[in-house]
Amino acid sequence: MDQAPHMTPDEFRRCGTALIERIARYMEEVEQYPVLSQAEPGSVRARLPRTAPEQGEPFADLLRDIDEIVLPGITHWQSPNFYAYFPANASGPSILGDLLSSGLGVQGMLWATSPACTELETHVLDWLVDLLGLPEGYRSSTAGGGVIQDSASSSTLTALIAARERASAGAVNEHGVGRCPGGAEGPRLTVYTSRHAHSSIEKGVKIAGLGRDSLRLIDTDERHAMRVEALEAAIASDRAAGALPALVCATVGTTSSGAVDPLRAIGELCRREDIWLHVDAAHAGSATICPEHRGLIDGLEHADSYTFNPHKWLLTNFDCSCFWVADRATLIQALSVLPEYLRNRATESGTVIDYRDWQIPLGRRFRALKLWFVIRHYGAEGLRAHVRHCVALADWFAAQVEESEDFELAAPVSVGLVCFRHRAGDAFNEALMNRLNESGALYLTHTRLDDRQVLRLAVGSSATRREHIERAWARIVETAGALSPEMLSD
Ligand code: PLP
């Protein structure tokens, strides 16, 4: 073959129209699919040819295989009956923004490699400072600023590396973990988070080379939030043993129960102790678009960095995690390496942002487009309506649980998240969840709180309406009623 069979713009137009039509139909039909995929392990691969095609195939064949092979292997995260984990909601404007990002095919590692990719991102993150009620010090016109990462895990890892370098005065980047200039043993750098914090903190500590045994999982109170006295005691004990506390990660909305750590008290402690405070609000951060939920981030002005995921609850397709720092110079110093081939006049002028220095990889997608499309399509008013709708549905569900004789709340209701359990015990709750999920009618996941099995219902899909949540509650009650009596106790 002399020439690769590139799709012509005209073929692209035809295939693209067919694909958009297929996605629109999926949106209309998504409710009809069993929410949790019923596929058996290996069943998707068993339907795929063993080797890749030698000749190119018609696009229609690809579309057919989407229907016949891919869709049966999909768990429908956009279903109105999806209540598992936290949502990863999507929306029309976001899908189109993502498509445009692919269509433009930009790689925005430097300002110079596509100025609009950088400047739109900076601008949208400044908009979000206003929209979410974040501290002024995160605005790009100050010493701080924001960037879009692929995930909260990456945001947290980035914060850990910046904190590691700040605490060691750059020694770890120069000499490696645990070594001071000249090769002498350096102090152990320690990290603190609550025992209900997300696993991405432990993963970040491992990747940053600090070692899992440098991570302190701080005790929590009856609301599953970090105990500040326990944090203070752990820091004091580490200092007495010669360690150097580097970072505290507080959570606004833990994954298990939506617990909110006391940011103000933790922040004041971190200021006194000169420890980097990172705040992980991956899910609950979206709620502060509503003024009535701003209390969630009271004290955030003491934080050195903050992350929340529009790809969870703010109608922006995965992946899109916003990350702000109060002092961008420290971050850039920790991550910047400038080889000759990346040098350019704009960078050397010192007047532009090069986001490659704000993240782990070099290359980066034009993610700001989808977020910009979402904010412009919905407006702040529309986004607030979405959050309020989900919160109201979760609150309605929680009220049913409270009124029921058989079920109880297992934690204070958080924004859009209800933790509850049947009073009959762990085995019963597990059996109940499995039956519900196998039915395909809805999808819930679980956690453990106070050493008891707990079911979590997180509301976040743009398609979920009151009738869905009413049906979910009816189904839960009916399924529990039909479970065999021998399962009624542990
Ligand atoms: N932090 C919290 C509180 C989370 O709930 C999650 C995921 O659910 C994460 C971090 C990880 O998010 P990501 O998948 O963007 O890394």
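## Basis of the model

The model is predicted: local features need pLDDT of at least 70, side-chain atom pairs count only at pLDDT 80 or more, and totals for chains, interfaces and linings use all residues. Residues are numbered from 1 along each chain as its sequence is written, and side-chain values use heavy atoms, with hydrogens and water left out.

## The ligand and its shell

The shell around the ligand holds 13 residues, of which Ala152, Ser153, Thr255, Asp280 and Asn309 come nearest; a residue is near a molecule if one of its heavy atoms lies within 4 Å of it. By class, the shell comprises three nonpolar, eight polar and two charged residues. Here Ala, Val, Leu, Ile, Met, Phe, Trp, Tyr, Cys and Pro count as nonpolar, Asp, Glu, Lys and Arg as charged, and the others, Gly among them, as polar.

A polar side-chain atom of Asp280 lies 2.6 Å from a ligand nitrogen, while one of Asn309 lies 2.9 Å from a ligand oxygen. In the side chain of Lys312, an N or O atom is 3.2 Å from an oxygen atom of the ligand. The protein covers 87% of the 390 Å² of accessible area that the ligand has on its own, as computed by the Shrake-Rupley method with a 1.4 Å probe.

## The pocket that holds the ligand

The ligand takes up the space of the second largest pocket; a molecule sits in a pocket if more than half of its atoms lie within 2 Å of the pocket's grid points. On a 1 Å grid over the protein atoms alone, a pocket is an open set of points with protein on both sides within 12 Å along at least five of seven lines, the probe being 1.4 Å, and lining residues have an atom within 4 Å of a point. Helix 5 (152-167) and helix 10 (310-313) each give two or more residues to the shell around the ligand; helices (H or I, at least four residues) and strands (E, at least two) are DSSP runs, numbered from the N terminus.

This second largest pocket has a volume of about 560 Å³, that is, the space filled by probe spheres set on grid points joined across faces, edges and corners. Its lining has 29 residues, and Tyr85, Phe86, His198, Thr255 and Lys312 are the closest to the centre. Strand 10 supplies the largest share of this lining, four residues. The lining divides into nine nonpolar, 16 polar and four charged residues.

## The largest pocket

The largest pocket has a volume of about 690 Å³. Among its 27 lining residues, Ile23, Tyr26, Met27, Gln78 and Ile95 are the closest to its centre. Helix 1 (9-29), helix 2 (59-70) and helix 3 (92-104) each supply at least two lining residues, and helix 1 gives the largest share, five. By class, 17 lining residues are nonpolar, nine polar and one charged.

## Backbone features

Most residues other than glycine have a negative phi, and most peptide bonds are trans. Phe318 and Asp319 are joined by a cis peptide bond, with omega about 10°; Asp319 is found in the loop between helix 10 and strand 7 (321-325). Asp274 has a positive phi, near 55°, and lies in the loop between helix 9 (263-273) and strand 5 (276-280).

Key
Polar contact = N/O pair within 3.5 Å; in protein donor to acceptor, adjacent residues only side chain to side chain.
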